[in-house]
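Please keep the sequence and the model in view while reading the points below.

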Amino acid sequence: MAEIIKVGMADLNICVSPDGITTLGLGSCVGIALRDPNTKIGGLAHIMLPDSTTIRNNTNIPKFADTGIEELVKRVVARGANRTRLVAKIAGGAQMFSFQGGNSEATRVGERNVEAVKKKLAQLRIPILAEDTGKNFGRTVIFYPENGDFVIRAVGKPERII
């Protein structure tokens with residue numbers, strides 16, 4: 001029986017087909033799913049913030065786009081994925097709250113997270129095959145490395161598979 005592995009906020013994990021992997025509550029956070037289509041090894045990171053260099057004495061690697069994605073790549077490769085075959089799908093990065101003068105850095109966390117994720121994946125030469133980002137609602141995601149399906153669920157919205 002396949003298992004669904006849970007990933008918490010500011011966390012990451014890997015899985016191998018037929019298992020899937022899920023994370024709840026992607027508001028301004030971004031979920032990054034990586035997969036090697038040949039080995040069917042995948043992983044999911046739930047990042048909260050774009051840049052680890054802005055926080056002192058931080059030890060939570062998965063919390064940030066820059067360090068979390070590197071750690072996820074390292075773990076899927078250690079499990080047997082081929083680094084050159086990795087592909088990505090991303091979801092989240094919503095603007096959950098609207099404030100007057102709403103274009104400050106504090107209210108653009110979701111947008112900044114998506115930008116940082118795309119920048120890091122480009123640096124690592126990992127193509128993004130699909131995304132469901134932005135807007136103003138939270139998401140729960142389930143990723144299946146078997147076929148690459150990234151199931152997106154949001155309250156009051158139809159389920160999507162990207």
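Arg75 lies in helix α1, where helices (H or I, at least four residues) and strands (E, at least two) are DSSP runs numbered from the N terminus. The model is a predicted one, in which local features need pLDDT of at least 70 and side-chain atom pairs count only at pLDDT 80 or more, while totals for chains, interfaces and linings use all residues. Residues are numbered from 1 along each chain as its sequence is written, and side-chain values use heavy atoms, with hydrogens and water left out.

**Arg75**
- Arg75 counts as partly exposed because its relative accessibility is 35%; buried means under 20% relative accessible area, exposed over 50%, and partly exposed in between (1.4 Å probe, protein chains only).
- Leaving aside its neighbours within four places in sequence, Arg75 is in contact (heavy atoms within 4.5 Å) with Leu12 and Ile14.
- Arg75 and Ala122 are 47 residues apart in sequence, and their C-alpha atoms are 19 Å apart in space.

**Helices α1 and α2**
- Two packed helices are described by the angle between their axes and the distance between the axes.
- The axes of α1 (residues 65–79) and α2 (residues 109–123) come within 9 Å and cross at roughly 45 degrees. These axes are lines fitted to C-alpha atoms, for helices over the stretch in contact, with angles running from 0 to 180 degrees between N-to-C directions.
- That angle makes α1 oblique to α2; angles under 35 degrees count as roughly parallel, over 145 as roughly antiparallel, 65 to 115 as roughly perpendicular and the rest as oblique.
- Ala65, Asp66, Ile69 and Glu70 in α1 meet Ala116, Val117, Lys120 and Leu121 in α2.
- By class, this contact of α1 with α2 has five nonpolar, no polar and three charged residues. Ala, Val, Leu, Ile, Met, Phe, Trp, Tyr, Cys and Pro count as nonpolar, Asp, Glu, Lys and Arg as charged, and the others, Gly among them, as polar.

**Backbone features in loops**
- Most residues other than glycine have a negative phi, and most peptide bonds are trans.
- A cis peptide bond, with omega about 15 degrees, joins Ser17 and Pro18.
- Pro18 is found in the loop between β2 (11–16) and β3 (20–26), and Ser17 is placed in the loop between β2 and β3 as well.
- Ser17 is buried, with a relative accessible area of 17%. Apart from neighbours within four places in sequence, Ser17 is in contact with Lys40 and Glu146.
- Ser17 and Phe64 are 47 residues apart in sequence and 26 Å apart in space, C-alpha to C-alpha.
- Lys40, in the loop between β4 (30–36) and β5 (41–47), has a positive phi of about 60 degrees although it is not a glycine. Lys40 is partly exposed, at a relative accessible area of 25%.
- Lys135, in the loop between β7 (128–133) and β8 (139–144), also has a positive phi, near 65 degrees. Lys135 counts as exposed because its relative accessibility is 53%.

**Cysteines**
- How many disulfides are there? The count comes to zero, a disulfide being a pair of cysteine sulfur atoms within 2.5 Å.
- The sulfur of Cys15 is 20 Å from the closest cysteine sulfur, which belongs to Cys29, so the two are too far apart for a bond.
- Cys15 is buried, with a relative accessible area of 3%, and Cys29 is buried at 6%.
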